[in-house]
Every structure is written in structure tokens, then in C-alpha cells.
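User: I would like to go through this model with you, one topic at a time. Please keep the answers plain.

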Amino acid sequence: MCTLEQRGRVFVLTLTGDGEHRLGHPLIASIRSALASVLAAAQAQPQGPGAALVTVAEGRFFSNGLDIGWAGASRARLGELVDALRPVAADLLALPMPTVAAVTGHASAGGFLLALCHDYRLMRADRGVLYMSEVDIGLPLPPYFVHVLRAKISQAHALRDVVLRGKKLRAPEAKEMGVVDVVCPGAPKTATEALKLAEQLAARKWDGAVYASIRMSMFPDACRAVGIAVESDEEKSRHFASRL
């Protein structure tokens with residue numbers, strides 16, 4: 001399913017194996033367990049504040065989306081998976097540290113969403129696409145998918161092409177559209193550069209609670225859509241005053 005390794009201040013979550021990393025109940029549970037461990041370990045770090053997360057995958061796929069093979073023709077089963085993935089998005093958007101996705105292969109539908117829930121995205125240039133496939137396969141987009149897409153793809157034409165055209169984005173075009181931050185020549189370099197970026201971010205030793213609060217204030221609609229309780233403006237003002 002996945003493994004979790006700590007390298008100094010950086011946590012590396014790896015989707016293991018050569019498969020498609022389909023987001024079924026077992027993989028979703030494994031990712032959530034890993035993220036819970038990251039949160040607990042970060043809060044107990046003896047070296048004080050400062051941590052970051054890198055998510056990477058083995059093989060040709062970052063993640064090919066929800067496990068539609070398990071769901072089959074059952075809309076109820078598909079709905080189960082959509083609901084199960086929502087807390088993963090919440091875990092990432094609320095995680096009290098910078099997050100980096102090393103997109104080392106294809107990221108489709110729910111896999112694309114998984115990458116978007118990270119703060120930074122690095123993508124290999126030689127293989128892989130970002131693809132929101134729902135319009136092509138005749139499935140409506142879950143509301144929380146739409147909110148995350150709106151939050152993370154700021155260019156209107158890019159959002160239109162991703163959602164309404166089902167455009168498959170290779171790394172250079174994704175970077176032009178602002179969907180990914182860095183393009184790397186291959187999978188090993190993508191993973192290496194993601195780890196390097198994470199180390200740089202962790203070295204800033206930011207207060208994790210403050211970092212998460214700022215992130216959530218940047219994307220309030222997306223956070224509400226995935227089930228995160230976002231502070232009201234009045235609560236934010238009180239919280240801000242208490243930190244002075």
C-alpha cells in the first residue's frame with residue numbers, strides 16, 4: 001500500500017509497488033494512517049518546530065484515481081470511495097507543515113486531486129499526465145473535487161480545459177498553467193528535487209499550527225468542502241490577537 005519514512009525533518013510517504021495505485025479502501029486507509037503518524041510525530045519532534053511531507057509513488061503511476069474496478073457498475077460503491085477520499089484531502093489541507101507531491105507518473109481523477117491537495121507539485125517531463133477524466137467517462141465531479149480544483153488551478157482557461165475538456169496535461173504545459181511548480185527530467189530527479197525542496201521548507205522551522213491556519217485561510221471554500229471547520233473572521237481576529 002504505502003510506506004512512511006522520516007529523513008531528518010522530512011517525512012516521505014511512498015505509494016509502493018508497480019501498480020496503478022488505485023484509491024480503494026485499503027490504500028485510502030493506509031494513506032490516512034500514514035498521515036496520522038506524520039501528524040503525531042511532528043507534534044512530538046524533540047528538535048522543535050519545522051517539518052515537511054513528500055508524497056511520491058513507485059512505478060508508472062502516481063495514482064490512477066479511485067478503484068473503479070472494485071466499484072464496477074455500482075454507483076453506491078463509487079460513492080463510498082468518493083466519501084472515503086474526502087478525509088484524505090482534509091488531512092492534507094490541514095496538515096501543520098508544508099507538503100510536496102512528487103508526481104513521478106500518471107495522476108488521474110482522484111490521483112490528480114491527491115496531488116493538488118499538496119502545497120507544491122513537481123512533475124517528471126518524460127512520462128505521465130495530469131488528467132481529470134470525469135467528463136470523458138460520464139461521471140459528475142464530486143462537489144469537493146470542484147472546490148479543490150478551483151482553489152488550486154487559478155487560471156480560468158486552465159480550469160476550463162482540465163474540467164470541461166478533459167485535457168491531459170504533460171509537465172511543461174502543466175507548469176505554464178500554474179498547476180505544477182517544477183518540471184524535472186525523470187522520476188529519480190523528481191523525487192530528489194521534491195526531497196530537496198521539502199528539506200528547505202522544513203529548515204525554515206515555521207510554527208506548524210500557524211502554517212496550517214494560513215493555508216486554510218487561503219482556501220476556505222475547499223477546506224469547508226472537505227469537512228474542515230474553518231475559523232470565522234471574528235475567530236481569526238481573536239486568534240491573531242492572542243498570538244501577539
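User: Is Y211 buried or exposed?

Analyst: In this predicted model, Y211 counts as buried, because its relative accessibility is 18% and the cut-off for buried is under 20%.

User: Which helix holds Y211? And what is Y211 in contact with, leaving aside its neighbours within four places in sequence?

Analyst: Y211 belongs to helix α10. With neighbours within four places in sequence left aside, the contacts of Y211 are M97, P98, D119, Y120 and W206.

User: How far is Y211 from A151?

Analyst: Their C-alpha atoms are separated by 17 Å, and the two residues are 60 apart along the chain.

User: Back to α10. Which of its residues are buried?

Analyst: They are G208, Y211, A212, R215 and M216. Seen down the axis of α10, these buried residues fall within an arc of 130°, so they line one face of the helix.

User: What covers the buried residues of α10?

Analyst: The cover includes α3, β5 (99–103), β7 (120–124) and α11 (220–225).

User: Let us take α3, then. At what angle do α3 and α10 pack?

Analyst: The angle is about 120°, and the axes are 8 Å apart. That makes α3 oblique to α10.

User: Which residues meet there?

Analyst: L92, L93 and A94 of α3 meet A212, R215 and M216 of α10. By class, this contact of α3 with α10 has five nonpolar residues, no polar ones and one charged. A212, R215 and M216 are also among the buried residues of α10.

User: How does α3 pack with α1?

Analyst: Helix α1 (residues 25–43) and helix α3 (residues 75–94) pack at about 15°, with 10 Å between their axes. That makes α1 roughly parallel to α3. The crossing of the two helices is left-handed.

User: And which residues meet between α1 and α3?

Analyst: On the α1 side they are H25, I28, I31, R32 and L35; on the α3 side they are E80, L81, A84, L85, P87, V88, D91 and L92. The contact of α1 with α3 comprises nine nonpolar, one polar and three charged residues.

User: What about α3 with α6, parallel or oblique?

Analyst: The axes of α3 and α6 are 11 Å apart, at an angle of about 30°. That makes α3 roughly parallel to α6, since angles under 35 degrees count as such. Their crossing is left-handed.

User: Which side chains or backbones come together there; that is, which residues meet?

Analyst: V82, L85, R86 and L93 in α3 meet Y144, F145 and K152 in α6. The contact of α3 with α6 divides into five nonpolar, no polar and two charged residues. L85 also takes part in the contact of α3 with α1, and L93 in the contact of α3 with α10.

User: Now α7. Which residues are buried in that helix?

Analyst: A158, D161 and V162 are buried in α7. They cover an arc of only 95° around the axis, which puts them on the same side of α7. On the other side of α7, A156 and L164 are exposed.

User: What covers the buried residues of α7?

Analyst: The cover includes α4 (110–116) and α6 (143–152).

User: Where is R160, and how accessible is its surface?

Analyst: R160 is in helix α7 (residues 156–164). It is partly exposed, with a relative accessible area of 45%.

User: Last topic: backbone. What is phi of A109?

Analyst: Phi of A109 is near 50°, a positive value in a residue other than glycine. A109 is found in the loop between β6 (106–108) and α4. The residue is buried, with a relative accessible area of 8%.

User: And what is phi of K205?

Analyst: K205 has a positive phi too, near 55°. K205 lies in the loop between α9 (187–202) and α10 (208–218). It is partly exposed, at 47% relative accessible area.

User: Which residue with a positive phi follows α7?

Analyst: That is G166, with phi near 60°.

Notes. Residues are numbered from 1 along each chain as its sequence is written. This is a predicted model: local features need pLDDT of at least 70, side-chain atom pairs count only at pLDDT 80 or more; totals for chains, interfaces and linings use all residues. Side-chain values use heavy atoms; hydrogens and water are left out. Axes are lines fitted to C-alpha atoms, for helices over the stretch in contact, and angles run from 0 to 180 degrees between N-to-C directions. Helices (H or I, at least four residues) and strands (E, at least two) are DSSP runs, numbered from the N terminus. Angles under 35 degrees count as roughly parallel, over 145 as roughly antiparallel, 65 to 115 as roughly perpendicular and the rest as oblique. A crossing is left-handed if the near helix is turned anticlockwise from the far one by less than a right angle, and right-handed if clockwise. Contact means heavy atoms within 4.5 Å. Ala, Val, Leu, Ile, Met, Phe, Trp, Tyr, Cys and Pro count as nonpolar, Asp, Glu, Lys and Arg as charged, and the others, Gly among them, as polar. Buried means under 20% relative accessible area, exposed over 50%, partly exposed in between (1.4 Å probe, protein chains only). The arc is that of the directions from the helix axis to the C-beta atoms.
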